[in-house]
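Have the model open as you read.

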Amino acid sequence: MQTIKFRAAIAAVALAAFAAVPAAHAKAADSPVTEADLAAHMKILAGDAFEGRAPGTDGEDRTIAYIVGEWAKAGLEAVPGSATPWLQPVPFVETRALGGSATFRLGGRNLAIADDGVILTARDASVSLANLPTAFVGYGVDGAGKVNADVKGKLAIMLFDNAPFGDKLPRFRERRQLLADAGAAAVLVIATDAVPWDQLRDSAGSSAMRLASAPAGASVSGFLSAAAADALFKQAGQDGAALRAAAKSADYKGAALPVTADLTAQSATRAFASNNVIAKLPGANPDGKAVLFLGHWDHLGICGKEGDADRICNGAVDNASGIAVLIEVSKRLAKGPRPDRDIYFLATTAEEKGLLGAHYFAANPVVPLADITVALNIDTIAISPRGTPVATIGRGKPAYDAMVRSVATALGRKLDEDGEADAFVQRQDGWALGAKGVTSLMVGGSFSDMALLQAFLGGDYHGPGDNFSDKIPLGGAAEDADLHVALGRAFADTKRWAGK
């Protein structure tokens, strides 16, 4: 939780850094971003001293102080009139699971479901629910995004992913809330093989965060491993594969199971504030439109178990790399010819908990959302080597696609337009802004080479192995940083871009 003393320290860091910025800049062209530039920031942000950059910890304080100091040195300013210069406080409620049990019954007989295949979290300190009717609801909503079954007073069992509907359906957190809003007493989400069960149990299963202003959700929520779900379905006389196949229909109405559930769960809750970090580069000829760069500063903090050799999830690639790029892009745009339009830089909190900082900014913007001509999100950028083609998450608007193509090809970059990157549109902060009508793009090579990306997601991602090392391919990240400098200049140029 940020204190007055800490905020004063942030202001002092910013003022000292800003005093060192030359009053005039006389640079005709932007210097290339180097691998060494990015490595210098990543080594610090992903160092053990930052303790994995979890919201509401000392690691957050150190992260914010570093970002503010670097942005002030670059020549950025705090947003005028902000109540907490450089910071946008974001109020949260964290719920940490303390224990729980699940018993499923069929005809008075207890079913055999492994205890380690169920994760339960209570909305309140202690919850006990008995004899809940149980229903499998597929993806929880139909093809139109509406709750697809009667779940009032029931346990709803829902699939994790949103296939086969892709970005036409919200991700599991939003669908889980829709079920709670429809009266579900409890919601269990069946985990996917894409997220190892042990990893899910140790991270998402141990604590959850929500915006303080958000609905609290069902009385009990949690996860079922794929194996536990199939065991439950089989003992209830159902075939798990057949249920999953049926759920792919856009008009699927769910299936009642001849099973009742007794659920107990205990949790500890705390209210605290974390922060988005926001800075502004005033334009030379502002026209009421603005460009927004964003990336999340947070990661998972101390994630390992007691006794583990390495307990810190440092988040070097995810997303110290993105913050490093944001810093270097801000330096080039501030020191080179001043762009026409205002440019904002946003480092968000709690992306790892469901894009929460971005959702809060979208609901409480420091610049009218209608004035943001484009939002460029930078996340997990250190994946690919130099020369990797450029993919775009959020493509599909011809004028924007043409601008990206023009800027990329002018830098000698090839375009990857096979659409594979589209699968990640809901897994990044731009989704929160896109839901409010802001055109949001992720542009670069990291989401072009799917083999490299999947190797990271199946390896060091969200684990203690995501440390800084010389093995991280920063060549592609440096190229993508240069690309973002050029995109910023293009979208902020009132003659080149009309500000659609």
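Let's begin with charge. The protein chain carries 49 positive and 55 negative side chains, and the centres of these two sets lie 4 Å apart. Please keep in mind that this is a predicted model.

Next comes the overall build. The protein chain contains 13 helices and 16 strands. Its C-alpha trace spans about 80 × 50 × 40 Å along the principal axes. A compact globule of 500 residues would have a radius of gyration near 23 Å, and the protein chain agrees because its own value is 23 Å. Of the 500 residues, 53% are buried. The protein chain exposes about 19700 Å², with carbon and sulfur atoms supplying 54% of that area. Among contacts between residues at least 6 apart in sequence, 84% join residues at least 24 apart.

Which of its residues are buried? In this helix, which covers residues 450–457, they are Met-450, Leu-453, Phe-456 and Leu-457. These four cover an arc of only 125° around the axis, so they sit on the same side of helix 12. Behind this is a general rule: an α-helix has 3.6 residues a turn, so residues three or four places apart point the same way. Ala-451 and Ala-455 are exposed on the other side of helix 12. The packing partner of the buried residues of helix 12 is helix 8 (316–335).

Two further residues deserve a look, and the table sets out their accessibility.

| Residue | Relative accessible area | Class |
|---|---|---|
| Ser-221 | 18% | buried |
| Ala-226 | 22% | partly exposed |

Ser-221 belongs to strand 8, which covers residues 220–224. Not counting residues up to four places away in sequence, Ser-221 touches Ile-119, Leu-120, Thr-121, Arg-176, Val-187 and Leu-188.

Ala-226, for its part, is found in helix 6 (residues 226–235). What does Ala-226 contact, leaving aside its neighbours within four places in sequence? The partners are Ile-190, Ala-191, Asp-193 and Arg-244. The C-alpha atoms of Ala-226 and Trp-197 are separated by 8.6 Å, with the two residues 29 apart along the chain.

Key. Residues numbered from 1 in each chain as written. Predicted model: local features only at pLDDT ≥ 70, side-chain atom pairs only at ≥ 80, totals over all residues. Heavy atoms only, no water. Helix = DSSP H or I, 4+ residues; strand = E, 2+ residues; numbered from the N terminus. Rg over C-alpha atoms; globule rule 2.2 N^0.38 Å. Buried < 20%, exposed > 50% of the residue type's maximum accessible area, 1.4 Å probe, protein only. Contact = heavy atoms within 4.5 Å. Areas by Shrake-Rupley, 256 points an atom, 1.4 Å probe, with all protein chains shown as cover. Lys, Arg positive; Asp, Glu negative; His and termini not counted. Charge placed at Lys NZ, Arg CZ, Asp CG, Glu CD. Arc of directions from axis to C-beta.
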